[in-house]
Amino acid sequence: MGVSGGPGIRPGFLGEDPLPGAWTPGRPHVWLMRLDGLRPSGLVHDGPGTGRLRPETLRPGGPVAEGAPHGHGLPGGGSPARGALDASLRDYERILDPAERSRAAAFVRDLHRDRYIASHVGLRLLLGAYLATDPAAVVLVREPCPGCGGPHGRPAAAGAPLHFNLSHAGDLAFFAFADTPVGADVEQLQPAGVVEDVARVLHPDETAELAALPAARRPEAFARCWTRKEAYLKGTGTGLSENPSVTYVGTGPGPASPAGWTLSDVEAVPGYAAAVAVANARRPHPPHGR
């Protein structure tokens, strides 16, 4: 599993279950998507020297459910969800909007371009399923920045009844959907040297907690802390324009939720950590763009 240090939320892996139905109010949904080997053609090599190509999987899960049964193995046969991903990857130029296509074309390395395309196609597939519409018809916008009012705040789907957030690191993409503003973050574990350097910018209590741990345990504790902090800051829309030293989220097994928010660790795969932050409901939120 991941490095949450506690039970955490068990996400679905896109492709193991059918794509979701129309969005209904309730608990947030979290999904992980494996990006390793995915190509815009929707095909991957089975392995070095095999010469064979096969479809990769988009592995969908359901609502957040702590303690629910879960497996990480690839499905043995085909599924509607996998077929939808394969078709969508082949059709990515139609599905992505002009801004996404422009961003994808700007990547220098094919690997980074492929990961960007795959994760954004996955996001649009999920939004299209929740909103009962063609993934290409989803209009993505930005909410006003809470700091300066500029058009670079939280991402949103115009006219949608749900909030979402996307994060990707290495070979994983992480998606979160909720009734209220939501932030998501997934990160790879970092070497000890990186942890030592970056730990200095955390909240003073978090820095002290890391310093008190044996060196071997610091990378996992740091990953827990950093994903919680990023998820919260992405959820508020401020991002790292807020100094990481301001808000305390903790490095231990259980996150410390800032006022008005609920932070949860999410079980990832070995070598990764993930967290989700959901704004506590206060009043009904109108659909985005209305």
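Is Trp261 buried or exposed? Select Trp261 to begin: its relative accessible area is 12%, so Trp261 is buried (buried means under 20% relative accessible area, exposed over 50%, partly exposed in between, with a 1.4 Å probe and protein chains only). The model is predicted: local features need pLDDT of at least 70 and side-chain atom pairs count only at pLDDT 80 or more, while totals for chains, interfaces and linings use all residues. Residues are numbered from 1 along each chain as its sequence is written, and side-chain values use heavy atoms, with hydrogens and water left out.

**The whole chain**

Of its 290 residues, 48% count as buried. Among contacts in the protein chain with a separation of 6 or more, 66% are between residues 24 or more positions apart, where contact means heavy atoms within 4.5 Å.

**Around Trp261**

Return to Trp261, which lies in strand 10 (residues 261-266). Leaving aside residues up to four places away in sequence, Trp261 touches Pro181, Tyr232, Gly235, Thr236, Ala277, Val278, Ala279 and Asn280.

Two strands pair if DSSP finds at least two bridges between them. Strand 9 (residues 182-188) pairs with strand 11 over seven bridges, and Val186 stands opposite Ala274 in strand 11. Strand 10 is joined to strand 11 by six bridges; here, Asp265 has Ala275 of strand 11 as its bridge partner. In the hairpin of strand 10 and strand 11, five residues lie between the strands, and Gly271 takes a positive phi near 90 degrees.

Eight of its eight residues are buried, so strand 11 is largely enclosed by the rest of the structure. Tyr272, Ala274, Val276 and Val278 are buried on one side, and Ala273, Ala275, Ala277 and Ala279 on the other.

**Helix 3 and helix 4**

Finally, select helix 3 (residues 98-106) and helix 4 (residues 110-131), whose axes come within 8 Å and cross at roughly 160 degrees. That angle makes helix 3 roughly antiparallel to helix 4 (under 35 degrees counts as roughly parallel, over 145 as roughly antiparallel, 65 to 115 as roughly perpendicular and the rest as oblique). Show the side chains where they meet: Glu100, Arg103, Ala104 and Ala105 of helix 3 are in contact with Arg113, Tyr116, Ile117, His120 and Arg124 of helix 4.

Technical notes. Helices (H or I, at least four residues) and strands (E, at least two) are DSSP runs, numbered from the N terminus. Axes are lines fitted to C-alpha atoms, for helices over the stretch in contact, and angles run from 0 to 180 degrees between N-to-C directions.
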